[in-house]
Amino acid sequence: SLSKLQLKTGDLDPRLFSRLRHLQKLDLSDNLLDKFPNSLTLPDLRVLNCNNNKLEDVTALKQFPLLEELTYENNVYLTLNDDYKVMFLLQNLRLLNGKDITKLAKHVRCANSRKLTSKVTAHWEKFFRDQLPEKHTAEQVKSIRKEFLKSVQTNVVYGPSSLSEFTRWRVKMIAEEFLTRSLGLELNSDTESEEKMDENEEESTESPREAAEDVAPVGDFSSYISNVLFVTVTPSKRKRNHSKSSPRNKRSKSQANTQEEAEDVSAEPLHFLQCHSKGNSREDFKTQLWSCVFEPVLDSGARKDPIVSSSRTVATCGGESVCLIDCETGTVLKKYKVATEEFFSVAWTTLTMVISDSRKKAHNILAAAGRRGIVKLIHVAADFCYGEIKAHKKPIATVCFSPTQETHLFTASYDKRIALWDIGIPDCDYNFKASQLLVLEAASIPLRIALVPTCPEQYLLAGCEGGCFAWNIQLDKGQKSRPFEAIFQFPDDESMTTSHRVDGLAFLNDDVVVSKSSKPGCIYLWSWSRSFDAKGKGCQRTVSAVILAELEWSTTDMSYLTLSTCPAKDYVFCGDEQGSVWMYNLSNYTTAWGSAKGKRSERRIPPTQILKWPELRVNGEQPPEILVNNVVSDSTFTYLVVLTSVNITAIWKKS
């Protein structure tokens, strides 16, 4: 029995296990295994328990041919497809997760295999047999093998769609056996050796987990070293050389050219990470990254930058995963994954929780939500997703916590509602009770939300598909479901309009709102108090936003490229459709805007600087079109995190 020992895959030393030639029963439950090494041997193993691990693949179990009983319940990444794989691979298996699978396994190995073999053979006869010349070259063999394997996995369909992964796996296996047996086409082609090399590279990328400084993870989290991009980077103002050594040496300090040293570079690129890949694939340049938030600083917990007293750990989300990244080192400290989810938003709060002996301690809690309409609540220090709230039946676009009520969470959904939840405080056994306090009815889908800094328990602003709205959120008003209280008008050519998509919204300070419209190149700064006070008391009304200034930005009409602010430094950030980050230092304007007679700046304010996307090459090639979906700085503007449409997280550091 080796259960409950925090064992990781690297702890299963083949040199030791291969000596246990008569071992018949092995219990590896309640550990941290994500896979089995291929050479454990154990030729006489009959019973194996792998419950409560993090297994992602079962094919390595074929090395235990005498296995009769196998359990791997509560491995969240394993599916029905994996059950069928082990039934095929293990000829002596009788019990799987406590159930007798003798008859089903016989069907999988015999009837299912016969049917698939028939379909694979027919596919060759119909589409490929005549393509291979009687006297063929090795190059022709290689080409037709590659085409056939791709075609047969795409077109041979059998059984329910829930087993499609298993069917493709078996079809590939049968097709390779068919080519070897019937036609003498060798399996050891360049294609296969390339696949093996890729697998080895991916394995080495994830293996040095000691590089992550956190304790061994438990629950649904994994401590994770990302697919680090070994790239050639040429920023517009400074050249960088990147090391091509192992992942442990993944960061190379930028080397400034002596002729360029005098140039004013406000920020330099530190890291480019590909840590949200589907299935950890290095070829994934399609996963969109949407949201990032810096972790609040605690006395213990979030890593502090040694020079400035701000956090350097940031939570990012996109695709099926949420990552926690150390901005200075580029290390992905933790990764949380839900195979059926696409995460759109993350938010932090700090809860004072009761720990052992009735002592209280502050812990950072991360909320993550997306396409499934479910909020996941993650206790980061414990590496544990302790609960979920089924908040909406449609996707959640964005979430945010109240700055004054630590348990109050707002969720904005595609169901055209914004809900306020009290998530409660989990006890020492992680029991908690969430309750819905309020529902705000929107006329269109809310995309961004912001609480008014001077009265965060009274008013909430939302940028929506159909305009910018405000709600009264006071809980003592009694009305649980509320319509919006105001809709704001903005300039549109010669007139004012309320009808436009607002896909960027943030407060620059207590009063100045920054909002971005879908109208090309349109970012407005406006006064919350002067706009809202003009409404007066009473019913829902249309209000003209009191515009203070307009920022010069890209002329693209591309939507959902959002903006952010750094209030402590009076900065606004917004990415564009070419991978660039537009930065605006507005400290020279905010004092004038704060006066009651502050007038609108007549001319558009140009960016203080535009950070150009570096000439970045991955495996010798440039990534496709790069959109900057989001860009966020820490509270002191030391680090800038850029999220893109091509599954690349870029981290810049202020010089």
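I began with helix 2 and helix 3, which are roughly perpendicular to each other (65 to 115 degrees counts as such). The model is a predicted one, in which local features need pLDDT of at least 70 and side-chain atom pairs count only at pLDDT 80 or more, while totals for chains, interfaces and linings use all residues. Residues are numbered from 1 along each chain as its sequence is written, and side-chain values use heavy atoms, with hydrogens and water left out.

I looked up the axes of helix 2 (residues 80-89) and helix 3 (residues 102-127), which come within 8 Å and cross at roughly 80°; axes are lines fitted to C-alpha atoms, for helices over the stretch in contact, and angles run from 0 to 180 degrees between N-to-C directions. Helices are DSSP runs of H or I with at least four residues, and strands are E runs of at least two, numbered from the N terminus.

I then listed the residues that meet, namely Tyr 84, Met 87 and Phe 88 from helix 2 with Leu 104, Ala 105, Val 108, Arg 109 and Ser 113 from helix 3, where contact means heavy atoms within 4.5 Å.

I next turned to Thr 9, in the segment before helix 1 (14-17), which counts as buried because its relative accessibility is 13% (buried means under 20% relative accessible area, with a 1.4 Å probe and protein chains only). Leaving aside neighbours within four places in sequence, I found Thr 9 in contact with Leu 33, Asp 34, Lys 35 and Pro 37.

For the whole protein I noted 8 helices and 40 strands, and buried residues making up 53% of the 655 residues.

Definitions and conventions:
Angles under 35 degrees count as roughly parallel, over 145 as roughly antiparallel, 65 to 115 as roughly perpendicular and the rest as oblique. Buried means under 20% relative accessible area, exposed over 50%, partly exposed in between (1.4 Å probe, protein chains only).
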